[in-house]
Amino acid sequence: MSSNLNVALFQLDLIWESPKENLKKVSNFIDSLSNDIDLIVLPEMFTTGFTMNPYNSAELMAGNTIGWLQNKAIEKQIAIVGSLVIGDGENYFNRLVFVHPKGKIATYDKRHLFTYGGEDKVYNSGNERLIVDYKGWKICPMICYDLRFPVWSRNDVDYDLLIYVANWPKPRISAWDTLLNARAIENMCYTIGVNRVGVDGNSLEYIGHSQTIDMLGKQLNFSVNDEIVSVIKMEKEKLNSAREKFRFLDDKDSFKIL
């Protein structure tokens with residue numbers, strides 16, 4: 001079991017609906033990392049930006065980006081997580097993929113589709129959470145709008161790390177900051193939010209605010225405006241110690257999501 005987990009947060013200025021250029025950008029950042037990184041976190045729809053045009057943007061699970069992710073993970077012996085547009089028959093998904101260092105893939109389809117932006121009109125919703133076991137850490141990855149729904153992220157399985165990948169625009173960025181902090185505190189876990197920067201094809205502006213928060217609500221890193229890769233070390237011993245001392249999760253309510 002690894003006591004620490006070194007995570008690289010990729011806060012990127014995504015090029016609109018251009019997988020080739022975005023993969024080139026991501027590749028350059030990956031190649032610049034040190035060898036002690038365990039996990040890379042990419043933004044939501046990291047190959048295209050938050051497009052409502054899956055008909056021209058969707059890839060297959062056997063497509064180029066998934067193969068590229070597997071090759072990079074194996075080459076660098078590192079895990080990578082992010083979401084992209086995936087087509088399956090006549091259905092489209094905002095699908096998160098967690099790629100292990102040996103190329104194994106776990107997936108999560110975004111549960112809460114952003115109706116305000118019309119996401120529900122073109123994408124299908126997922127109905128199962130994903131819990132990944134990686135280097136002795138239990139990781140729960142989610143996507144953007146899921147952040148607003150605390151029942152879905154309720155820590156009833158003792159996960160250690162909650163991750164949100166996002167395209168969360170500037171006008172509502174205060175909600176992003178507040179809700180990330182709330183999710184960390186209520187679930188007594190490390191929480192990472194990775195957002196994009198720049199302006200997308202719909203003229204929406206993004207200012208980042210990618211960050212890591214510990215199990216007691218302390219902000220450990222924070223990035224604004226710039227395209228940047230930030231690295232954070234999370235310590236399992238500190239997490240376990242805080243949970244043992246306060247034991248807030250022991251008092252949680254029991255319920256089932258229908």
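How far is the sulfur of Cys140 from the closest cysteine sulfur? It is 8.3 Å from the one in Cys189, too far for a bond. A disulfide here means a pair of cysteine sulfur atoms within 2.5 Å. The structure holds 0 disulfides.

Ground rules, quickly. This is a predicted model, where local features need pLDDT of at least 70, side-chain atom pairs count only at pLDDT 80 or more, and totals for chains, interfaces and linings use all residues. Residues are numbered from 1 along each chain as its sequence is written, and side-chain values use heavy atoms, with hydrogens and water left out.

Back to the cysteines. Cys140 is buried at 1% relative accessible area; buried means under 20%, with a 1.4 Å probe and protein chains only. Cys189 is buried too, at 0%.

Next, Leu161. Contact means heavy atoms within 4.5 Å. Beyond four places in sequence, Leu161 is in contact with residues including Cys140, Cys189, Leu39 and Ile139.

Now the core. A nonpolar core is a set of buried Ala, Val, Leu, Ile, Met, Phe, Trp, Tyr and Cys residues joined through side-chain atoms within 4.5 Å. The largest has 49 residues, and Leu39, Ile139 and Leu161 touch the most other members. Helix 5 gives the largest share, 6 residues. Helices are DSSP runs of H or I, at least four residues; strands are E, at least two; both are numbered from the N terminus. Another core, of 22 residues, lies apart and includes Phe10 and Val97.

Last, Met188. Met188 sits in the loop between helix 5 (173-187) and strand 9 (190-194). Met188 is buried, at 0%. C-alpha to C-alpha, Met188 and Leu161 are 9.2 Å apart, and 27 residues apart in sequence.

Note on methods:
Buried < 20%, exposed > 50% of the residue type's maximum accessible area, 1.4 Å probe, protein only.
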